[in-house]
Amino acid sequence: MQKGMRLNDGHVTYLGLLAKKDGARKGYLSKRSSDNTKWHTKWFALLQNMLFYFETDSSSRPSGLYLLEGCVCDRAPSPKPSLSAKDSLEKQHYFTVNFNHENQKTLELRTEDAKDCDEWVAAIAHASYRTLATEHEALMQKYLHLLQIVETEKTVAKQLRQQIEDGEIEIERLKAEIASLLKDHERIQSVQSSAPSDDDSDIKKIKKVQSFLRGWLCRRKWKTIIQDYIRSPHADSMRKRNQVVFSMLEAEAEYVQQLHILVNNFLRPLRMAASSKKPPITHDDVSSIFLNSETIMFLHQIFYQGLKARISSWPTLVLADLFDILLPMLNIYQEFVRNHQYSLQILAHCKQNRDFDKLLKHYEAKPDCEERTLETFLTYPMFQIPRYILTLHELLAHTPHEHVERNSLDYAKSKLEELSRIMHDEVSETENIRKNLAIERMIIEGCEILLDTSQTFVRQGSLIQVPMSEKGKITRGRLGSLSLRKEGERQCFLFSKHLIICTRGSGGKLHLTKNGVISLIDCTLIEEQESTDEDVKASGQDIDHLDFKIVVEPKDASSFTVILVASSRQEKAAWTSDISQCVDNIRCNGLMMNAFEENSKVTVPQMIKSDASLYCDDVDIRFSKTMNSCKVLQIRYASVERLLERLTDLRFLSIDFLNTFLHSYRVFTTALVVLDKLITIYKKPISAIPARSLELLFASSQNTKLLYGEPPKSPRANRKFSSPPPLSITKSSSPSRRRKLSLNIPIITGGKALDLAALSCSSNGYASMYSSMGPFSKTTLDINKLYVSSSYPNKIPDEGEAAAEKQEEMLPSKQSSDVSVREESDTDPNQSDEAEAETSPTKSPTTPMSIKCKNSSGFPTDQRNGDKEFVIRRAATNRVLNVLRHWVSKHSQDFETNEELKFRVISFLEEVIHDPELLTQERKAAANIIRTLTQEDPGDNQTTLEEVVQMAEGVKAEPFESHSALEIAEQLTLLDHLVFKKIPYEEFFGQGWMKLEKNERTPYIMKNTKHFNDVSNLIASEILRNEELTARVSAIEKWVAVADICRCLHNYNAVLEITSSLNRSAIFRLKKTWLKVSKQTKALIDKLQKLVSSEGRFKNLREALKNCDPPCVPYLGMYLTDLAFIEEGTPNYTEDGLVNFSKMRMISHIIREIRQFQQTSYKIEHQPKVTQYLLDQSGVMDEEALYGASLRMEPKLPS
């Protein structure tokens, strides 16, 4: 039996010191000894309900401790003194402390001062909590008394209920007696009266039966009516309508609560923090982050109160007037939505301040927030208007047409949809600007050109820049070496007018390289470089056919060359296609703009502005309020004919429109229809410009017939095909000396354009001037290579060009252009790259240098109009070749799966090549497209999925322990990317992965899903295969290490594969196993799970994808969720049968992001042993077997 109690000595000492310092009462008292013989003076200290005593006031450790709770302290009389001590005892004052504990002796104390004694008695009495105990005892007595009363009342109530039941039984008995007595009385009276006939009694019986039958039939009829109504569609609709209203009330209550938390937990506290002496955030930043969220909260509180009032007046449910009140005030959402992205950027910037970040985490940790972040609460208002629209759609679907609220609800829905479109347009309009600003903020040096709102983002990615020596030659060394890939890696951003090249520094920031901002106006793209044997030996095979050259010739600086290397043929084709498209748009638009302005005094913007079909809605087209990069309104809905018309409109072409059209045309038309339209535009280019614009362009009485359908008199208005002209070599085309007209088109400077009539109409023009160039004459002159410069002086011609110069001098001054001619030598180091660009067989269809010349005058009107026709033909040719080039290079699978389409394109291009009026560069472009179509496998030396699977089949699988985490992570990344890369973009349309025939419609998406599940099952099986606890812990930690390496490799798909496997019930329930897992591993798991969490529509994962550089393997399910949201919310066609092109544009943006990650491959060496382990499914358990193994290792504890 325990005789004593152990105390924590250190704790008691600390409490004693605390009593000496902060005690309620302290001082010297005399304490009677245990044998009642002596009095000892001690120093006492009272702390709460504990009384400590020390030897002296300077003692550090207490000598004893009394617990005063429940004790009684009173004054005590002085003991009877002896004669010798009588005087001394009269000065002493005694008091005692009685304890309620058993075997606890009374504590007797004394002091010399009566006042001090009274104060000690009062302090100890207060510390004993005696009053509280007394009150508790009184309350307990009252409680017991109330319990007795309640029990008594229950007994009485039971007795009363029994009496009432007995009374009811007695009443029923009495009623029965009365009824029997009444019957007896009636029978007696009937006997006393005259005896009725037998017929009367029979009639009464019949009437009773009839009355009974009528009542029964009536009740049955009403029952049938009610049952039929309950089962009727109207009743079902009304039930569903009521359910929609109740759901709307719950959703509105939840939304008001979210706004309340946003305002009270974040906005108002941050306002107070901004007013402090050391504010962690400014008032301007608070206003920028929260905008008008407080006003939105007040509005919806009013709306919610109105909804509750309507519900309380059930079943008269009228909602339309509430929406009538709400609609005019919903415009406040426009400001919130318009600035939402900016508010998130300001919030991210403020989070860099540690004080603000700490304060924000404190606010987010409040219970009301339920672990939701401020970004989550700021996102809720973004979805409220679409939620109202969906609710009204559902409400109208269950509201009869004759319902009193039908028209009002329909009006409210239309107004909300209109507001939603306006908000969508405003968000889309600022999306491009926000993207540009986000990139500009990442560049440390800044980039002013990105502040130009006309810049449209096209693509970004990682390329390798090959260094150049001072003489413009490629530096020696192996171009594909690891050192070059590390030092030469560049982050490239392509915009509609510029290409920006940066290096990635620490912290993810970007640094502009030397000549890192390249104006596409001054560029010439060379896709296939002509290299010498020495260059081939120096470069090796690592970058064979993967590099392309950009020759830059700025007007105010020396020219330079940039050589970039892609990681694969596919990525190179994507980059060169987009760059050439941007260059061609700039130059084609500039060529037409200058030629039209010079000859007809009508600018291209005026032509566009005069064409109402480009901005006014019509029965077959409707526009949004957003403008594209060409400053033309984007199409929201349109017929197929109008979309094809926009594709071939020669006045402009938006890159975004072209990408969207080529991604989505299969939804609303066929490839052959698109090809036929391109062929028509090539053969009849005049049909590519609307009549109103042609009327402004050909403002001449001689050509008015052209506007009304009659064929033009000019032989160039329609094309005729013949065999190609014979080639001849003249002195001017000698390989050692080349002539180049340096005529610069003043697209930006606004200089005057070249009069092209001299090229094709005048017998004294350029055609005769260059007659010495061979039989080609005018067909060899590349309009795209003519550059103007009234500022360049004429150089002295050499002997080889004397004849041409003499002919030029003989031209009349009124009919000649002041064209500066300069010779270029192949030995000139500054022009070596340009020479290579001119002789290269593969350049984009229009890669001219600029053309400048003085205005020519003196040509007749018909020649000037012929000049315009010539420009239109050149523009039409370039448009057709550019669209085909884009189509073939970026969508090659269309031609691989459709032999008829491929054959027709090749036939058409061969026909184009044989056109005698075709320019040399256009002929080369057409030949390049044919070569791309007819070439075999590009041979990127990239390992395919089929090769990996085939190589793994012949290898014996090794166990998990024999592979390192790095090997598994690399091979898993290689497999994931190969599976992800195989998905064709056509499968992303139509939600085929959610249909019953999903394996037929989207086989590659289903393979990706199966691969994800197989890897997840493999991980779970590998963990549960180990019977020993330490082995399971080791397996978990190794797989977490694999996930972290995959994160570093940007394989976020594998991160989710591993984390989702660890969260499976069979693994998650292993409590003993998880207790042994290290804290570092658990912290790493939390970090990885937060990265790939689905919270906020995968907010963290999207941020990581935005900041990472390819190669990368994203989680496909995130994109499928976005696509499903777009598909479910909007149909492909409107009620009028127009194509929903706005939807196609949104889907295209998602597909472009997916394809960007598909095009860049990993440089990982294949290891068959590891891939065989990852692909081997022989030891993988299903879900039931996994859970059974988990229960066997750690059985459930009995409850």
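Strand E4 (residues 64–67) has a covered face made up of Gly64 and Tyr66, while Leu65 and Leu67 form the uncovered one. The model is predicted, so local features need pLDDT of at least 70 and side-chain atom pairs count only at pLDDT 80 or more, whereas totals for chains, interfaces and linings use all residues. Residues are numbered from 1 along each chain as its sequence is written, and side-chain values use heavy atoms, with hydrogens and water left out. Strands (E, at least two residues) and helices (H or I, at least four) are DSSP runs numbered from the N terminus.

E4 pairs with strand E3 (residues 50–54) in the antiparallel sense over 4 bridges; pairing requires that DSSP finds at least two bridges between the strands. Phe52 has Leu65 in E4 as its bridge partner.

## Aromatic pairs

The whole structure contains 19 aromatic pairs. Rings of Phe, Tyr and Trp (its six-membered ring) pair if their centres lie within 6.5 Å; planes under 30 degrees apart count as stacked, over 60 as edge-to-face and the rest as tilted. The pair of Trp39 and Tyr94 is edge-to-face, because the ring centres are 5.3 Å apart and the planes stand at 65°. This pair links distant parts of the chain, with Trp39 in strand E2 (residues 39–47) and Tyr94 in strand E6 (residues 93–98), 55 residues apart. Trp39 counts as partly exposed at 22% relative accessibility, and Tyr94 counts as buried at 5%. Buried means under 20% relative accessible area, exposed over 50%, and partly exposed in between (1.4 Å probe, protein chains only).

Tyr66 and Phe99 have ring centres 5.9 Å apart and planes at 15°, so their pair is stacked. Tyr66 lies in strand E4 and Phe99 in the loop between E6 and strand E7 (107–111), so the pair ties together parts 33 residues apart in sequence. Both Tyr66 and Phe99 are buried. Elsewhere, ring pairs join Phe657, Phe661, Tyr665, Phe668, Trp887, Phe895 and Phe1141 into a cluster.

## Charges over rings

A charge sits over a ring if NZ of Lys or CZ of Arg is within 6 Å of the ring centre and within 35 degrees of the ring normal. The charged end of Lys20 sits over the ring of Trp43, 5.9 Å from its centre. Lys1038 lies over the face of Phe960, 4.3 Å from the ring centre.

## Helices H6 and H14

The axes of helix H6 (residues 233–274) and helix H14 (residues 384–397) come within 10 Å and cross at roughly 165°. H6 and H14 are therefore roughly antiparallel.

Methods
Axes are lines fitted to C-alpha atoms, for helices over the stretch in contact, and angles run from 0 to 180 degrees between N-to-C directions. Angles under 35 degrees count as roughly parallel, over 145 as roughly antiparallel, 65 to 115 as roughly perpendicular and the rest as oblique.
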